Amino acid sequence: FSDKVMSAYGLSPVRDYVKNTLKQDVAWDGENVILGGNAFIKPQKVYNGRSYAKTSELDNAAKEWVKNQGMVGVRDYSKNNLGMNNLGWNNGNVTYKGKNFMTPTYNIAGTTYAAPSAINAAAEAFRTGNNYVPVRQNMKDQGFFDKRLGYKDGNLTYYGNNIGSPDMVMDGVSYMDPTSYDEMIKKMQADDVDAASILANMGISNGVEYKSDG
């Protein structure tokens with residue numbers, strides 16, 4: 001028997017898998033492969049001092065192990081907790097909008113894992129490094145009415161109308177990259193007119209006032 005023969009039967013050497021995927025070493029109690037003092041997997045075959053198991057079962061055991069270490073799926077956590085959709089992958093790094101976002105702690109069968117604190121820190125660094133715009137504050141600064149700004153079903157709203165989707169949501173604050181933000185504002189203002197000028201053309205030059213309630 002050899003690793004090549006075992007592979008033909010869908011079996012992988014357990015120690016090599018754990019070392020390459022989890023960067024850990026394993027022990028043996030005579031029945032189970034032990035990782036971190038606990039049973040990791042019961043191999044399907046033991047030959048010449050090497051234990052073998054199905055790759056799919058190793059993947060499942062590894063995913064369970066990293067979850068027990070407090071790790072979470074980077075893609076799911078980023079989507080559900082940070083509003084970041086469509087993460088990508090490039091040369092060992094998780095990407096967002098074509099830019100490196102973070103290096104995950106583990107990559108198990110295409111699913112990346114990291115601690116929530118590490119993902120949050122990466123998101124903060126990504127936000128500041130790319131000059132993301134805090135939408136509500138910037139719109140207030142540009143004269144939009146704060147009371148009319150809202151957030152519903154993952155979308156930003158103004159007077160109840162969908163105006164766009166944030167690129168990131170952190171601590172309840174919606175952020176957009178500068179280009180997307182500018183495009184959203186230009187689209188909202190495309191049909192706007194200066195009320196005072198229009199009314200002046202109608203002969204109501206002294207009748208326009210602005211009240212603090214909008």
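Guide: The N-terminal end of α7 is capped by aspartate 177, a side-chain oxygen of which lies 3.0 Å from the backbone nitrogen of threonine 179; a polar contact here is a pair of N or O atoms within 3.5 Å, where within protein one must be able to donate a hydrogen and the other to accept it, and residues adjacent in sequence count only if both atoms are side-chain atoms. This is a predicted model, in which local features need pLDDT of at least 70 and side-chain atom pairs count only at pLDDT 80 or more, while totals for chains, interfaces and linings use all residues. Residues are numbered from 1 along each chain as its sequence is written, and side-chain values use heavy atoms, with hydrogens and water left out.

Helix α7 covers residues 178–189, and its twelve residues should span 16 Å at 1.5 Å a residue, which agrees with the 16 Å between its end C-alpha atoms; the expected span is 1.5 Å times one less than the number of residues, and helices (H or I, at least four residues) and strands (E, at least two) are DSSP runs numbered from the N terminus.

Within α7, Tyr181, Met184 and Ile185 are buried, meaning under 20% relative accessible area, whereas exposed means over 50% and partly exposed in between (1.4 Å probe, protein chains only). Seen down the axis of α7, the buried residues fall within an arc of 95 degrees, so they line one face of the helix, the arc being that of the directions from the helix axis to the C-beta atoms. These buried residues pack against β13 (133–134), α6 (135–141), β15 (155–158), β16 (161–164) and β18 (173–176), where contact means heavy atoms within 4.5 Å. The face of α7 turned away from its buried side carries Thr179, Glu183, Lys186 and Lys187, which are exposed.
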